[in-house]
Amino acid sequence: MNAIECTITCLRNSQMFIPSILISVGFFVSIFGYFIVKDSIEKLRFYWFANVLALVNMPVLFLSMSCDMILFIKLYLGYAGITIAMLLVSPFLYKVYLKRRIGFERDAELERLVGVDRVNVLNTSLPKAFTLGNEIFISAGMLDLLENEEIKAVLAHEKFHVLENKTPLVSRLKYLTFLPISQDKIEVMADEYAKKIAGKESLEMARRKIDEFYA
Amino acid sequence: MVKVERVEFDEKMSPLSPLEEKIMEFLWKNGSAHVSLIAESIGAPLSSVAATLDRLVKNELVERKQEKVEGRRKFVYSPKLSRDELNVKFIEGVLDKLMENFGEVVVEYFHKKGIKK
Ligand SMILES: [Zn+2]
């Protein structure tokens, strides 16, 4: 009997069969919801549900095991431990690196503009914007290149990443449940969010200016 | 670029790369300018001018200042050192390096030169 057959047999014979089925149904409903809703934030919520349910399902499956799956469990726990440690530490390390290499200052005006707790202005003339954890980084070059409405669009796009990171553990869970949305998909969602806040034209204009800058 | 890790003794010794040279030349002549004006005037791509300005700012040859123009942020660049000051800094760097590596020979050389004068 291979591991998969074993898992199925064990499940069917255990009292955990029903809970596990319920959780799995919830999981598929969430995935379904993720695909049908249009709104970016709601999409994110469904995605989060799917991840949480997938994660809850793991101990349930574990408890229902009667045959020897210990090796798999150990491997998974080892993987999960290392992944969580890396995900917690890496933004912090990258921030230290940025501070030394490029330098940045906190900017209260931009924080108010976009409604994010922390926005930093990077000391570089190249237009750049990205998010680390709950903090947005936007460069002097970006502020210099864009009009106010376009800056707002760029910040709104990044704010979506902050919301994504803030949605409890969503950014980390996906590594544990092996249920990642592709980065492209997230970028599309972030753009939709930015269009809603700052308007389609502002976002597209910002994109065009940035492309031209690097052309 | 001012730091003298490796000095090339070709006919034209300079602390600046060709693009740095063009940018500094422009700034020394015009005082201060916006990145797009610099790029346009010296005929170089915006992105390479911006990247080079970053390096010049980091090495404290150029200063980046924020301005508010009609409620919108603009950044202007101005030279922090004159050409002479830059040359002095460069030569001192080279001499320090020479002293570090060949101290006695250098001292003796300048001593001889000094006596001739
Ligand atoms: Zn993005």
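Reader: How many salt bridges does the rule find across the interface of chain B and chain A?

Author: Good place to start! This is a predicted model, where local features need pLDDT of at least 70, side-chain atom pairs count only at pLDDT 80 or more, and totals for chains, interfaces and linings use all residues. Residues are numbered from 1 along each chain as its sequence is written, chains are lettered from A and ligands numbered from 1 in the order in which they are written, and side-chain values use heavy atoms, with hydrogens and water left out. A salt bridge is a side-chain nitrogen of Lys or Arg within 4 Å of a carboxyl oxygen of Asp or Glu. Across the interface of chain B and chain A, that rule gives four.

Reader: Which side chain of chain A meets B:Lys68 in a salt bridge?

Author: Look for the side chain that comes to 3.1 Å from B:Lys68, N to O. The partner is A:Glu109.

Reader: How much area do chain B and chain A bury between them?

Author: Buried area is the accessible area (1.4 Å probe) that two parts lose on being put together, summed over both. On the chain B side, B:Arg72, B:Arg73 and B:Phe75 supply 40% of the area buried against chain A. Carbon and sulfur atoms carry 42% of the total, which is about 1500 Å².

Reader: Which element gives the largest share of the side of chain B that touches chain A?

Author: Helices (H or I, at least four residues) and strands (E, at least two) are DSSP runs, numbered from the N terminus. Helix H3 (46–58), strand E2 (62–69) and strand E3 (72–79) of chain B each supply at least two residues of this side. The largest share, seven residues, comes from H3(B).

Reader: What is the distance between the centres of domain 1 and domain 2 of chain B?

Author: The bounds come from an automatic or database domain assignment, which gives domain 1 (15–81) and domain 2 (82–117) in chain B. Taken over C-alpha atoms, the centres of these two domains are separated by 31 Å.

Reader: How many salt bridges are counted between domain 1 and domain 2 of chain B?

Author: Here is a pair to find in the structure: the side chains of B:Glu21 and B:Arg83 meet in a salt bridge at 2.3 Å, N to O. Between domain 1 and domain 2 of chain B, the count is two.

Reader: How much area is buried between domain 1 and domain 2 of chain B?

Author: In domain 1 of chain B, B:Pro15, B:Trp28 and B:Leu81 lose the most area to domain 2, together 75% of what that side buries. Carbon and sulfur atoms give 67% of the area between the two domains, which is about 710 Å².
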